[in-house]
Amino acid sequence: MTASAPERTSTSRATGAAFIFKKALISALVALVLFSLMIGIRTEAGPTGQLIYWTRFGDLASMVAIVFGGSIVVELLRQWWGAAGTTIRVIPPPVQTTLAVAGRLVAPALLIFALLVPVIFYHQRYILDLGILVLTYVMLGWGLNIVVGLAGLLDLGYVAFYSVGAYSYALLSTNFDLSFWVCLPLAGILAAFWGVLLGFPVLRLRGDYLAIVTLAFGEIIRLVIINWQSLTGGPNGISGIPRPTFFGIPLTASDNGLAAKLGIPFSPTHRIVFLFYLILALALLTNWVTIRLRRLPIGRAWEALREDEVACRALGINTTTTKLTAFATGAMFGGFAGAFFATRQGFISPESFTFQESALVLAIVVLGGMGSQLGVALAALAMIGGFELFRGLEQFRMLVFGLAMVLLMIWRPRGLIGHRAPTVFLKQSQAISSDLVKEGHG
Amino acid sequence: MTAPSVKPLLEIRGLRAAYGKIEALKGVDLDINPGEIVALIGANGAGKSTLMMTIFGRPRARAGQIRFDGRDITGMATHEIARLRIAQSPEGRRIFPRMSVAENLQMGADATECSEADRATGLERVVTLFPRLKERMAQRGGTLSGGEQQMLAIGRALMSRPRLLMLDEPSLGLAPLVARQIFDAIRTLNRQDGLTVLIVEQNANHALKLAHRGYVMVNGLITLSGTGNELLQRPEVRSAYLEGGRRG
């Protein structure tokens, strides 16, 4: 959202007070109808089972008043900034250039901050844990971004690949004693395999239909996990999943632990810090691979597929394999994240892999601006971190969350960072030579 | 291909295609010789676009045969046909709106096996043909004007160094002056590079003046064929497609 208050130039728009007032009045009326039963009357079952009810007209009145006032404020703000896409924003050029400079600095600043988090907050376990959680979602968001943001395939069952990764690691490590570093690629490969398996039947579908099938797929995986008790332990989950080692050196207080080898006193925080850097590295790997792929023909084909499938086919793109690679690549990173989740928790159960997780990751991608790497990272930070921030508000948390989403979609319908950086660059706008083509080829 | 006599590059025999029960092509015969511009004209719903799409594999041909350079391509998948270097600028242009002009052009070359040098010369060729695109390279495709989008669609098709270029209504929705530029560019391509072109048009006057040969399509059948000038003189063509459509 635009933080700087833009100067209002002389507006020629004749949207008078009467219009705003009328709009607010309609909103208030709708609110009155909606809330009259929801808030105005409170019902409860009495001690003998009879219905007791009493009225709360005061609350109702204040609620309607809030809606009335809020709708005026929203409308005013809307005219002030102008809804994106409908009017031209009036931001003075100096502010624009400052914003552009600041915009360029956000990504490196965020990266440096992320690298320094364990140093700054070494003694605050809570913040470290939160950081790990945020980074897990950043990684999931970046993974799903390949499927949804780049290839434009709406996937509502991304959690399936996350759970495949988590269970792959959990089962391989508890049953076969394989180390985390062996299991990590295996988890990714297995998740990618499931991605391809899902991809085959659904590739003919588009849009809503695809979304429904992927949603079902996510549920199927979860139900299989719950019911295949002999393998997965069913609802009881799998416990005692080995902790990751520092390339074979355990992070424990024992004599052959990392702390002892380095000759420093053991602290349980070491493991947390290690996990933090591990997920940071995994997330950055996801980001790096995505950025590289976008500059190659395959990444370009993904984006073209999102834009126009028919045109893609006419240009000789095999849309089937292109979709499959997008699905598999996205799934693979989901699998990596799942394996990390399993090793971090030490215990997994189907409860961690509900549809809500898919929805959350998808919300991060959409809020961040489909296809934007930085946007996804910011959205994950805002959603997961922000969610924690409002923990004190208890059940109002969801309300704040919903409100924030509505506001964001009004002002930034394409997400936090809605523009898309081109991957073929021009060195000089004048000379078009073979340089350009080479650039384009990455 | 090397046969000196007229061995057609594209040879269509008895082609039938249908959407469900509605038969759109009822046995079409058509030849395109190497180095030729062939115009296909006809009213709305005559099956012109369907013919072009059937050559590209979608909808599938129900009967008949399509041979490209002596090879039967009738049952092939669209992307495989495109890889034989048959390029098309589809109806409605269908450029990639959120991708830059440069990226759009690269997409044209991506699927065909194409070296870096080929890409460079291909790009050079496109920008000399359409200097306007050169100025627009970094801009998003969707922000171009209609004429520029058409240039981009043709440019993108040219990036695969096609042996046959198929254009579906290139003048659709364009100002007469812009349409003329597009037609001029097609003529240049044909004269300089010997590019074989199939052009589907409603604008019969323009198309027949440009083309060496033309076919007239009515209700899924070819009813007339001949050289462009011959067709322009035919009274039935004049009455059906040219009267009132003539702007000089």
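Modeller: I start with one pair of residues: B:Arg16 stands opposite B:Ala63, which lies in strand E4(B). The model is predicted, so local features need pLDDT of at least 70 and side-chain atom pairs count only at pLDDT 80 or more, while totals for chains, interfaces and linings use all residues. Residues are numbered from 1 along each chain as its sequence is written, and chains are lettered from A and ligands numbered from 1 in the order in which they are written.

The two residues belong to a pair of strands. Strand E1 (residues 10–19) of chain B runs antiparallel to strand E4 (residues 63–68) of chain B, and five bridges join them. Two strands count as paired if DSSP finds at least two bridges between them. Strands (E, at least two residues) and helices (H or I, at least four) are DSSP runs numbered from the N terminus.

E4(B) also pairs with strand E5 (residues 71–72) of chain B, again in the antiparallel sense, over two bridges. Here B:Phe68 stands opposite B:Arg71, and B:Arg67 has B:Asp72 as its bridge partner. E4(B) and E5(B) form a hairpin with two residues between them. In that turn, B:Asp69 has a positive phi of about 55°.

These strands are part of an open, antiparallel sheet of four, in the order E2-E1-E4-E5 (chain B). Its edge strands are E2 (22–32) and E5 of chain B, each of which pairs on one side only. Helix H1 (residues 48–55) of chain B lies across E1, E2 and E4 of chain B. This helix runs at about 70° to E2(B); such angles run from 0 to 180 degrees between N-to-C directions, with axes as lines fitted to C-alpha atoms, for helices over the stretch in contact.

Chain B has another open sheet, with six strands in the order E6-E7-E8-E3-E9-E10 and mixed pairing. The edge strands there are E6 (86–89) and E10 (221–227) of chain B. From one strand to the next, the twist averages 15°. One of its pairs is parallel: strand E3 (residues 37–42) of chain B and strand E8 (residues 196–201) of chain B, over five bridges. In this pair, B:Ile41 has B:Glu201 as its bridge partner.

Next comes the other chain. Chain A has 17 helices and four strands. Of chain A, 27 residues are in contact with 30 residues of chain B, where contact means that the C-beta atoms, placed from the backbone, lie within 7 Å. On the side of chain A that touches chain B, H11(A) supplies the largest share, six residues. That side divides into 14 nonpolar, six polar and seven charged residues. Ala, Val, Leu, Ile, Met, Phe, Trp, Tyr, Cys and Pro count as nonpolar, Asp, Glu, Lys and Arg as charged, and the others, Gly among them, as polar.

Within chain A, the axes of helix H10 (residues 269–295) and helix H13 (residues 319–345) come within 11 Å and cross at roughly 175°. H10(A) is therefore roughly antiparallel to H13(A); angles over 145 degrees count as roughly antiparallel, under 35 as roughly parallel, 65 to 115 as roughly perpendicular and the rest as oblique. Among the residues that meet are A:Leu282 and A:Thr286 in H10(A) and A:Phe336 and A:Arg344 in H13(A). The residues of this contact are seven nonpolar, one polar and one charged.

Terms used. Contact = placed C-beta atoms within 7 Å.
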